[in-house]
Structure formats: C-alpha cells, structure tokens
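These are my notebook entries on one structure. The sequence and the coordinates come first, and the entries follow.

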Amino acid sequence: MQLFNHTIKSLESALNATAARQNVISQNIANVDTPFYKAKEVIFKHELEKAIAIQAKKTNSKHIDFKYHANRDYIIRTKNNTVMNNNGNNVDIDKEMALLAENQILYNALIERLNGKFNTIKSVIRGGK
Amino acid sequence: MSIFHSMHISASGLTAQRLRMDVASSNIANVETTRGRYVNGEWLPYQRKMVTLRADGERYSFHHFLKKEVAKKAGSGVKATSIVDDRTPFKLVYQPEHPDADEDGYVRMPNVDLLKEMVDMISASRSYEANVTVLNASKGMLMKALEIGK
C-alpha cells in the first residue's frame with residue numbers, strides 16, 4: 001500500500017475543476033452587460049461520464065471510444081440555447097451568484113478534507129504521538 | 001491559466017463598470033450644455049455618449065473559433081472597446097433669450113435623457129457590486145488554498 005493513495009488524487013482533480021468553475025463564474029459575471037455574450041459552464045468529469053454512459057461498439061481496435069476528454073477533470077461548455085436579456089446576453093445573474101456561493105463552500109470543504117487526509121498521514125508518521 | 005486569473009477577470013469587470021459610470025456622469029453633467037463641439041464655425045450641443053462592451057479574448061476569425069472549440073478556456077474578462085456618440089436628434093426648446101438661440105428663437109439642447117442615465121447608473125453600480133462579490137469570493141478561496149498542509 002502506498003502512502004499517498006487515491007483520495008489525494010481525487011481531491012486534487014476536484015479542486016482543479018472547482019477553480020476552473022470559479023474562473024468561468026467570474027467571466028460570466030464580468031460580462032453581465034456585454035451584448036451577445038453567451039454564458040459558459042463547467043461540467044465535472046463524473047457528470048460527464050454519467051451523461052455519456054453508452055458504450056461504443058468497436059469492430060476494430062483503432063476505433064475511438066465514446067469516453068471523451070477522459071484525461072481531463074472537467075470541460076467548459078458555452079450555453080448557446082437560451083436568452084435571458086433582450087440584448088442577446090444569457091447570463092442569469094441570480095443563478096451565477098448562487099453558483100458562486102456553492103462553489104466557494106465546495107472549494108473550502110475540499111481543502112478541509114485534504115488537510116484532514118494530510119493530518120492522518122502526519123499522525124501515522126509520528127506513530128500516534 | 002495562472003492562480004490569479006479569476007481576480008483579473010473580475011478586475012476587468014470592475015474597470016468596465018466604472019467606465020460606464022464615468023460616461024453616465026459626463027452625460028448628466030452636460031445635460032444643459034449647448035456648446036459641446038465647434039464644427040464649421042457653429043456650436044453643436046453636447047452629444048450623449050455610450051460605452052460598447054465586448055467579451056475580451058473573443059475575436060471573429062476561423063483560427064480563433066477552432067482554438068476555442070479545442071481548448072475550451074474560461075476567457076479573459078470584459079473589455080470596453082469604444083465610447084460612441086448617440087445619434088438621436090437634439091431636443092429643440094423655445095427660448096428666444098438664450099445666447100445660442102436661432103432666428104426663430106429655438107435652442108438645440110443635448111440629446112441626453114436623464115431617466116436613461118439614471119437607469120444606466122444603477123445598472124452599472126449593481127454590476128460593479130456583483131464583480132466585487134466575485135473578487136472577494138476568489139480571494140477567500142485563494143486564502144483557503146494557502147492553508148493546505150497546515
């Protein structure tokens with residue numbers, strides 16, 4: 001068994017995705033008055049995998065799987081199909097502010113967990129002293 | 001993408017909203033200005049100004065769209081591209097004693113609508129506040145990230 005196991009990796013990828021979501025929310029709110037700006041959103045990897053739960057039927061080993069962006073923690077998508085304002089902008093400021101609060105709490109929680117993990121390891125290294 | 005990217009984005013939003021505020025105050029200050037520009041030996045009234053905004057980093061070339069689809073980045077904030085004149089006609093006011101009145105006694109007044117300016121001002125200040133909130137949130141997250149491994 002290794003000292004730094006899968007937990008730290010998972011937390012790290014979640015932190016990356018949350019930081020990216022923070023950037024996207026900042027961008028959306030900065031452009032709340034920009035005509036024809038379309039809002040962006042971050043989709044986390046596990047959500048992505050849930051959405052693409054079908055298997056590709058492969059008749060050749062060189063065929064590409066449906067599992068897409070598997071090496072990334074998240075993807076950024078532009079929401080093109082809605083209109084919020086009469087200037088072509090679709091930033092829903094209330095939704096963005098709610099998402100901002102949620103994102104902040106998630107980020108803090110992830111860091112708390114990461115610290116908890118490190119403290120566990122520290123405690124083991126010290127031999128429980 | 002640097003750590004401070006989201007703070008830079010919010011800062012660009014703050015700059016853009018502050019510029020909108022500046023332009024709105026200029027419009028309100030000049031609501032009665034009959035001598036705005038001197039053109040061909042005659043004074044023109046002040047013309048209402050407007051700010052045009054654009055999402056920064058958005059250009060309209062094939063290369064750009066291709067790169068955008070492949071890389072899927074968050075973008076880099078907002079940019080005020082220009083300050084344009086409002087082309088609506090000037091208001092005519094009957095005031096024969098005014099120094100800038102024409103032969104019939106009419107004065108051309110600026111095309112500034114106080115109500116529009118007030119709405120613009122409130123909109124700019126609310127958007128400014130939203131950007132401040134995001135900036136503080138990003139700051140809080142960065143401070144929290146410094147606690148990793150403490």
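**Entry 1: B:Thr33**

I located B:Thr33 in the loop between α1 and β1 (37–39) of chain B. Helices here are DSSP runs of H or I with at least four residues, strands are runs of E with at least two, and both are numbered from the N terminus. The model is predicted, so local features need pLDDT of at least 70 and side-chain atom pairs count only at pLDDT 80 or more, while totals for chains, interfaces and linings use all residues. Residues are numbered from 1 along each chain as its sequence is written, and chains are lettered from A and ligands numbered from 1 in the order in which they are written.

The cut-offs are 20 or more other C-beta atoms within 10 Å for buried, 12 or fewer for exposed, and partly exposed in between, with C-beta atoms placed from the backbone. Leaving aside neighbours within four places in sequence, I found B:Thr33 in contact with B:Pro45, B:Tyr46 and B:Pro110. Two residues are in contact if their C-beta atoms, placed from the backbone, lie within 7 Å. I also took the C-alpha separation of B:Thr33 and B:Glu147, which is 57 Å for residues 114 apart along the chain.

**Entry 2: Positive phi**

I noted two residues other than glycine with positive phi. A:Phe36 has phi near 65°, and B:Asn40 has phi of about 50°. A:Phe36 lies in the loop between α1 and β1 (40–44) of chain A, and B:Asn40 in the loop between β1 and β2 (42–44) of chain B. A:Phe36 is exposed, with 12 other C-beta atoms within 10 Å. B:Asn40 also counts as exposed, with 5 C-beta neighbours inside 10 Å.

**Entry 3: Chain A**

I recorded three helices and two strands in chain A, in the order α-β-α-β-α along the sequence. Of the 129 residues in chain A, 29% are buried. I then took the contacts in chain A between residues at least 6 apart in sequence; 72% of them join residues at least 24 apart.

**Entry 4: Helix α3 of chain B**

I checked the length of α3(B). Its 32 residues should span 46 Å at 1.5 Å a residue, and the end C-alpha atoms are 47 Å apart, which agrees. The expected span is 1.5 Å times one less than the number of residues. The buried residues of α3(B) include B:Asp120, B:Ala124, B:Asn131, B:Leu135 and B:Ser138. Which elements cover the buried residues of α3(B)? Among them are α1 and α3 of chain A, together with α1 of chain B.

**Entry 5: Where the chains meet**

I counted 31 residues from chain B and 27 residues from chain A in the contact. On the side of chain B that touches chain A, the elements giving two or more residues are α1, β3 (49–55) and α3 of chain B. α3(B) gives the most, with twelve residues. That side of chain B has eleven nonpolar, 14 polar and six charged residues. Ala, Val, Leu, Ile, Met, Phe, Trp, Tyr, Cys and Pro count as nonpolar, Asp, Glu, Lys and Arg as charged, and the others, Gly among them, as polar.

I looked up the α3 pair next. Helix α3 (residues 93–125) of chain A and helix α3 (residues 114–145) of chain B pack at an angle of about 10°, with axes 10 Å apart. α3(A) and α3(B) are therefore roughly parallel to each other. The residues of this contact include A:Met97, A:Leu100 and A:Tyr107 of α3(A) and B:Val134, B:Met141 and B:Lys144 of α3(B). They divide into ten nonpolar, four polar and one charged.

For the α1 pair, helix α1 (residues 6–30) of chain A and helix α1 (residues 5–29) of chain B pack at about 5°, with axes 9 Å apart. α1(A) and α1(B) are therefore also roughly parallel to each other. This contact includes A:Gln22, A:Asn23 and A:Ile29 of α1(A) and B:His5, B:Ile9 and B:Gly13 of α1(B). By class, the contact of α1(A) with α1(B) has three nonpolar, nine polar and no charged residues. Axes are lines fitted to C-alpha atoms, for helices over the stretch in contact, and angles run from 0 to 180 degrees between N-to-C directions. Angles under 35 degrees count as roughly parallel, over 145 as roughly antiparallel, 65 to 115 as roughly perpendicular and the rest as oblique.

**Entry 6: Confidence**

I noted ipTM 0.80 and pTM 0.81 for the model. Chain B has a mean pLDDT of 89, with 92% of its residues at 70 or more; pLDDT is the predictor's confidence in each residue, from 0 to 100. In chain B, confidence is lowest in helix α2 (residues 62–71), at a mean of 68, and highest in α3(B), at 95.
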